[in-house]
Amino acid sequence: MQSSQNIVMSGIRPTGYLHLGNFFGALCNYVRMQEEYPCFFMVADLHSLTTHPDNRTLRESVTRVLAENIACGLDPEKVALYCQSHVPETTELYLYFNMLAYKGELEKTTTFKDKARLQPDNINAGLLTYPVLQTADILLHRANLVPVGKDQEQHLEMARNFAQRFNHRYGDIFPEPQAFNYGKELVKVPSLDGVGKMSKSENQNATLYLADDDDSIRKKLMKAKTDAGPTESSQPKPDYIENLFVLMRLVSAPDVIAHFEAAYDSCTIRYGDMKKQLGEDMVGFIAPIRARAADIQADEQYLKKVMQLGAEKARASAAQTLTAVRTAMGLNYF
Ligand code: TRP
């Protein structure tokens with residue numbers, strides 16, 4: 001019953017602007033996967049309802065995240081790129097999995113506990129069953145490969161448990177989905193303030209967004225922390241300096257990187273020059289993506305077509321799974 005094929009599925013939250021960390025940590029992997037596997041990439045608009053977003057801005061967030069993903073290289077012809085709310089089969093499967101999910105295990109989920117602390121006046125049932133909906137997203141396509149970061153590991157473990165429970169009770173229908181990425185470690189893009197990684201919500205001045213204009217990019221980089229420079233040849237780099245080199249390795253040409261590495265090792269480096277160069281290379285990297293995303297977002301007709309095509313592909317795959325599920329559960333009366 002189970003497919004022996006590898007199928008990729010991931011969800012993208014329609015909150016905030018995409019940043020350089022999303023690009024190198026996730027998107028560029030998706031772009032590679034689309035050449036190698038059948039892929040389903042979904043904008044998780046139903047998930048976002050757990051925090052009661054403003055209904056007037058939802059459309060804008062959803063179209064922006066679609067446009068940004070396409071601008072980064074996701075090809076709606078190659079993958080199924082769709083909105084969760086356009087695939088009602090998701091909510092049917094969610095209901096079935098809800099019957100297999102226990103209150104106790106849902107309450108123990110880290111993301112639930114965090115959210116409950118953040119919004120104590122709105123601890124709704126959707127928040128509690130968030131991992132169940134995520135399981136439905138993945139298993140709707142009987143996907144086994146899920147490109148996500150570490151923060152989603154617990155949700156995936158729950159998805160495997162729910163899949164197992166279903167299979168045990170009703171027969172072998174679902175694979176047990178695993179986190180999937182190229183290489184051992186996901187690329188981590190450091191924050192410009194030297195603390196942690198770039199993130200959607202924390203310190204906007206320390207994060208480079210794909211929608212930032214050229215001047216903001218340059219300014220943010222010029223403000224990155226440096227010091228008076230190395231005093232001994234080839235001494236180890238402090239974290240905040242290494243971070244600048246990490247960024248440079250992502251966007252600058254090899255000879256530029258080699259030049260500043262050598263300048264560091266010989267204690268002749270001028271961080272002002274380095275940040276200026278990095279600013280120009282970063283602008284060269286981000287500006288075309290920003291322009292493409294803006295063009296796509298302005299093209300309503302095109303986006304509508306993308307969403308329709310994506311929904312069609314996702315629903316075709318979902319229909320097959322649900323036929324098998326209903327039959328297995330004894331819900332096929334005629
Ligand atoms: N929970 C994921 C996040 O916060 C988003 C998501 C929703 C997802 N459905 C998914 C991720 C299915 C992978 C698979 O980023």
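Good morning. I shall begin with the strands: S2, residues 39-43, and S3 pair in the parallel sense, with four bridges between them. Please bear in mind throughout that this is a predicted model. Within that pairing, Phe41 stands opposite Leu81 of S3.

Let me stay with S3, which covers residues 80-83. Which residues of S3 lie on each side, and are they buried or exposed? Ala80 and Tyr82 are on one side, Leu81 and Cys83 are on the other, and all four are buried. Both faces of S3 are therefore covered, given that buried means under 20% relative accessible area.

I turn now to the ligand. The shell around the ligand holds 14 residues, and the closest are Arg13, Tyr130, Gln134, Asp137 and Gln152. An N or O atom in the side chain of Asp137 is 2.7 Å from a nitrogen atom of the ligand. For Gln134, the corresponding distance, again to a ligand nitrogen, is 3.0 Å. Arg13 has a side-chain N or O atom 2.9 Å from an oxygen atom of the ligand. As for cover, the ligand taken alone exposes 370 Å², of which the protein buries 94%.

Which elements supply the shell around the ligand? Strand S1, residues 8-12, and helix H8, residues 130-139, each contribute at least two residues. H8 gives the most, namely four. By class, the shell comprises seven nonpolar, five polar and two charged residues.

Thank you.

Note on methods:
Residues numbered from 1 in each chain as written. Predicted model: local features only at pLDDT ≥ 70, side-chain atom pairs only at ≥ 80, totals over all residues. Heavy atoms only, no water. Near = heavy atom within 4 Å. Polar contact = N/O pair within 3.5 Å; in protein donor to acceptor, adjacent residues only side chain to side chain. Areas by Shrake-Rupley, 256 points an atom, 1.4 Å probe, with all protein chains shown as cover. Nonpolar A, V, L, I, M, F, W, Y, C, P; charged D, E, K, R; others polar. Buried < 20%, exposed > 50% of the residue type's maximum accessible area, 1.4 Å probe, protein only. Pairing = 2+ DSSP bridges.
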